[in-house]
Amino acid sequence: MRESFQSKTGALLALVGSAVGLGNLWRFPYMTSQYGGALFIIIYLLFIIFFSIPLFTAETLIGRRAQTNACEAFNKLSHGKMRWAGSFGMIGCFLVTSYYCVVGGWCINYLFRSVANLLGRGGLSGIESLQTTFVTVSGSLPQWSESVQSVLFTLVFALTCGAIVIIGVKKGIETSCKWIMPILFLLIIFMAIRVMFLPGAMEGMAFLFRPDFSCINGKVVMAAMGQAFFSLSLGSMAVITYGSYMRRDDSIGQISTFTAFSDTIFAVIASVMIIPAVFAMGLEVSQGAGVSFISMPFVFSNIPGGPVLLILFFIGLLFASVSSEISMLESNVAYVMEKLKMSRKGATILVTLTASVFAVLCALSFGPLSHIKILDRNIFDLFDAATANIFFPVTGVLGTILIGWVMKKEHVVAELSRTSSPRPHKTTIKAFYVITKYIIPIMVTAIIINGLISQ
Ligand code: TRP
């Protein structure tokens with residue numbers, strides 16, 4: 001018998017906890033600022049409703065039905081026909097595992113800096129020094145010392161997460177997350193309200209909520225779709241794994257909808273905290289990947305007790321990223337153990353070290369390697385865009401093909417209806433079927449092709 005969630009609340013907490021991460025507090029505000037604010041948010045919300053909720057349901061369904069690891073699930077449910085799909089999905093999962101470490105490294109870096117700031121150490125205090133890590137702010141390359149720091153913190157993050165997986169204190173981290181995440185949530189609500197009262201913030205609110213429909217193009221649509229996948233960890237094997245832990249009588253439709261809504265609320269509030277702050281600081285919104293990190297010290301420096309709350313904020317962000325990273329590592333480790341017949345420890349070391357090498361390349365792409373550009377993106381941005389915009393959506397489509405075209409319809413319907421809560425309505429099931437069978441595969445393919453053409 002597989003490990004399973006003890007209760008419905010346990011399943012909800014685990015799913016929301018795994019979905020909420022840097023995707024909400026870092027990537028969503030970053031993408032929103034990069035792709036035109038309100039317009040991006042509206043398209044994102046449409047994707048969440050029409051793509052993410054059905055797909056989240058589809059992936060949990062695959063996991064619960066198969067009762068095996070995510071990769072094997074494709075193999076088992078397709079009777080060997082889609083064995084390769086799981087391996088393809090693992091590529092995206094591995095790439096995200098590696099570049100996520102860079103952002104995790106920023107969290108540690110900023111946590112240290114905010115502690116130093118509180119202690120009033122000259123060199124690190126003040127907002128300006130907090131901003132220098134990011135190239136675009138100063139318009140010039142960061143100093144060597146910045147790059148060395150970035151690499152170092154990236155490695156600290158990667159190796160710590162690897163160690164957590166080996167030593168097996170994962171449960172401890174997850175439990176502490178259950179306490180820290182709600183505090184982080186309250187903190188961002190409080191800060192979002194505070195930010196609205198900063199002079200200049202209203203301009204930022206207009207950017208966030210007044211869409212300019214004339215700016216719509218293939219790139220924006222692809223980015224919004226990518227974020228809708230990334231934020232809910234869709235197409236990366238994570239949701240399938242959690243689905244296999246789900247209890248037999250939990251309603252997967254209900255749980256998926258709840259998770260998607262909570263994740264979205266988190267992301268939107270985080271943006272309301274971050275973007276108007278950038279306007280209030282008089283900075284350009286297109287700050288690039290560092291947008292959350294740059295604006296937070298400024299916002300917190302504006303309130304009484306701010307330096308302490310800033311530390312709390314980065315602790316929350318760090319926990320959120322560590323818990324996401326270890327769940328990604330876990331998926332890779334399970335795969336390597338099985339494919340290469342390695343021990344758990346050996347596989348973890350192999351995955352962590354390989355991911356670290358790629359992570360260092362990504363970290364250096366803000367400094368010494370910034371001249372390497374592919375499709376106008378540095379290595380970090382390339383990893384980011386390739387996973388979110390291509391690997392996750394394609395793997396997601398493979399999941400919908402499994403559900404819509406390969407599995408027997410009775411099995412799918414039986415799995416959806418197996419619940420102690422009220423059963424889903426016939427029309428809901430029909431809509432789910434049409435969306436997964438036709439709409440998602442066709443639309444995702446069209447959006448990817450169109451997005452690539454307009455690059
Ligand atoms: N959803 C996570 C976040 O918002 C990121 C993520 C993407 C992820 N793919 C994953 C987490 C796979 C765990 C496993 O930060």
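**Around the ligand**

A: There are 15 residues around the ligand, and those that come nearest are Ala-19, Gly-23, Tyr-100, Phe-230 and Ser-233, where a residue is near if one of its heavy atoms lies within 4 Å of the molecule. This is a predicted model, in which local features need pLDDT of at least 70 and side-chain atom pairs count only at pLDDT 80 or more, while totals for chains, interfaces and linings use all residues. Residues are numbered from 1 along each chain as its sequence is written, and side-chain values use heavy atoms, with hydrogens and water left out.

Q: Which class of residues makes up that shell around the ligand?
A: The shell has 7 nonpolar and 8 polar residues and no charged ones, with Ala, Val, Leu, Ile, Met, Phe, Trp, Tyr, Cys and Pro counted as nonpolar, Asp, Glu, Lys and Arg as charged, and the others, Gly among them, as polar.

Q: And which helices each supply at least two residues of it?
A: Those are α2 (22–34), α11 (218–231) and α15 (306–340); helices here are DSSP runs (H or I, at least four residues), numbered from the N terminus.

Q: What lies 2.6 Å from an oxygen atom of the ligand?
A: An N or O atom in the side chain of Tyr-100 lies at that 2.6 Å distance, and a backbone N or O atom of Ala-19 is 2.8 Å from an oxygen atom of the ligand. On the nitrogen side, a polar backbone atom of Ser-231 is 3.1 Å from a nitrogen atom of the ligand.

Q: How much of the ligand does the protein bury?
A: The protein buries 100% of the 360 Å² that the ligand exposes when taken alone, with areas from the Shrake-Rupley method and a 1.4 Å probe.

Q: Switching to helix α2, is Leu-25 buried or exposed?
A: Leu-25, which lies in helix α2, counts as buried because its relative accessibility is 1%, buried being under 20% relative accessible area with a 1.4 Å probe and protein chains only.

Q: Last one: where does Ser-295 sit?
A: Ser-295 is in helix α14 (residues 291–301) and is buried, with a relative accessible area of 0%. A polar atom of the Ser-295 side chain lies 3.0 Å from the backbone oxygen of Val-291.

Definitions and conventions:
Polar contact = N/O pair within 3.5 Å; in protein donor to acceptor, adjacent residues only side chain to side chain. Buried < 20%, exposed > 50% of the residue type's maximum accessible area, 1.4 Å probe, protein only.
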